[in-house]
Amino acid sequence: MCGIVGIVGQGHVNQGLYDALTVLQHRGQDAAGIVTCDNGHFYLRKSNGLVRDVFREKHMQRLVGHYGIGHIRYPTAGTSSAAEAQPLYVNSPYGIAMAHNGNLTNTSELIQEIYASDLRHINTRSDSEALLNVFAHEMQIQQQLRPNPEMIFHAVAQTHKRIRGAYAVLALVSDYGLVAFRDPNGIRPLVFGVRENANGRKEYMVASESVALHTQGYRLVRDVEPGEALVITKEGELFTQVCAEETRRAPCLFEYVYFARPDSTIDGINVFKARLRMGEKLAERILREWPEHDIDVVIPIPDTSRSSAIELANALGVKFREGFMKNRYIGRTFIMPGQALRQKSVRQKLNALDLEFRDKNVLLVDDSIVRGTTSEQIIQMARDAGAKKVYFASAAPPVRFPNVYGIDMPTHEELIAYQREEAEVAAAIGADRMIYQTLGDLIDACKETRHCLPDEFDCSVFNGCYVTGDIDEAYLARILEERKTGQGARVSPIGNKPIDMQNAND
């Protein structure tokens, strides 16, 4: 999961891109990058680290131009190499820079095809580099001296035909403008907005979440539709067209559970309201299946579960308390690269208030449980603080299946709920009782927040049904093997010699 933003303005957009990436920092903490365009020249800065660490004053001064794109990275099946930080760039045709959120499911085949048919070289294991080269090739073969909306829409349509998976994409075309497009299933989020400057001229922003627009005074126009492409010229002209033959709106359900900020609206669904409803649904299940509960206090695990925990406590008629103090300078545990780093960070991030735990039966509420290592440590912290009993509730259903669309949980073996029932999960994490949300209740919690609903949701991590229709046991087995071998070396398209190129700047 990553965050992307693009701006076409009337003045320099470097500060606007920086501020938007800061607002989207929750979507990725591994690397950040910005590229701007001025008089046909690209100006790029990217590196590993948080937005505040990657960009210094000297970098910002060099990022000139009134249109540009930015990216923050959360590594999934790839590596954390600085060479794979985005935006990525190709010089032909025109000069194109690209930022991508999501994950392609046919990357291996694409790399072979790009080499054999397109005569292009892929230097990393990044699916984003493969996507960039497919789009660039589809632009190039039209042999137009200057790009125009029609040829761009055609290139996007051809790109849709060649790639599979989840993708929200921003591309910067040198001396022309900004291109944005979304996968035909609408799995990954993408919205756009507009504002008028002091002279009454329109400026546009496209971003992963609406909160990035609101914080800078842009009016949310709408979501980019599944399969749709936007072209915004450097002069501020907007063109739109749906470029996929078959589309459906099937946003990732996990966005509403965990990834998105509560003050965002994605595909018309207000994230905060959805999370409130998740808490109400959990309370209904507890009252239905455990009416004689002995819960004394409901305590959220900060921060994404707080909305659900408040409504859960209200519906149960039980006290709500903040029992954990959070170190705001530690990143989000779930999206940290590497399991060892995740485990190490939990006690650095949270500290229990003994006063709220001692001699009480406590219900801890989290947004979800994936690997279970964080939950186990938090439950032990509650017991160390003096809790008599520790119950655990998840605002999401059991995560039992790998994600292939951009979330870092690709193997069955890492998932605490895989082949386990609720009681077995409770025993594994050390809880006295485990309460999961049902999938039906989670879907209802999201649906009840709006009138015009998505066609469906991608619920693959909960039910194993992958909306792209191209994922089978052989694919999942290959992902598992690559992960076990440390992601493996990518095989060269011209033989069996592994490619192990290093960043020249390291």
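**Salt bridges and strands in a predicted model**

Let me start with Arg 248, which has a relative accessibility of 27% and therefore counts as partly exposed, since that class lies between the 20% limit for buried and the 50% limit for exposed. Please keep in mind throughout that what we are looking at is a predicted model.

The partner of Arg 248 is Glu 456, and their side chains meet in a salt bridge with 2.7 Å from N to O. This pair ties together distant parts of the chain, because Glu 456 sits in the loop between helices H15 and H16 while Arg 248 sits in the loop between S13 and helix H8, 208 residues apart. Glu 456, at 30% relative accessibility, is also partly exposed.

What about a salt bridge whose two residues are buried? Here we can turn to Arg 27 and Glu 209, which are both buried, and whose side chains meet at 2.8 Å, N to O. Arg 27 lies in the loop between H1 and S2, and Glu 209 in the loop between S10 and helix H7, with 182 residues separating them. Through shared partners, salt bridges join Arg 27, Arg 188, Glu 209 and Glu 255 into one network. In total, the model has 31 salt bridges.

Finally, which residues cover the two faces of strand S16? On one side we find Val 297 and Ile 299, on the other Val 298 and Pro 300, and all of these are buried. From S16 the chain crosses through helix H10 to S17, in a β-α-β crossover that is right-handed. S16 pairs with S17 in the parallel sense over 2 bridges, where Val 297 has Lys 319 as its bridge partner. S16 also pairs with S20, again in the parallel sense, over 4 bridges, and there the bridge partner of Ile 299 is Leu 364.

How values were computed
Residues are numbered from 1 along each chain as its sequence is written. This is a predicted model: local features need pLDDT of at least 70, side-chain atom pairs count only at pLDDT 80 or more; totals for chains, interfaces and linings use all residues. Side-chain values use heavy atoms; hydrogens and water are left out. Buried means under 20% relative accessible area, exposed over 50%, partly exposed in between (1.4 Å probe, protein chains only). Two strands pair if DSSP finds at least two bridges between them. A crossover is right-handed if, with the strands pointing away from the viewer, the path from the first strand over the helix to the second runs clockwise. A salt bridge is a side-chain nitrogen of Lys or Arg within 4 Å of a carboxyl oxygen of Asp or Glu.
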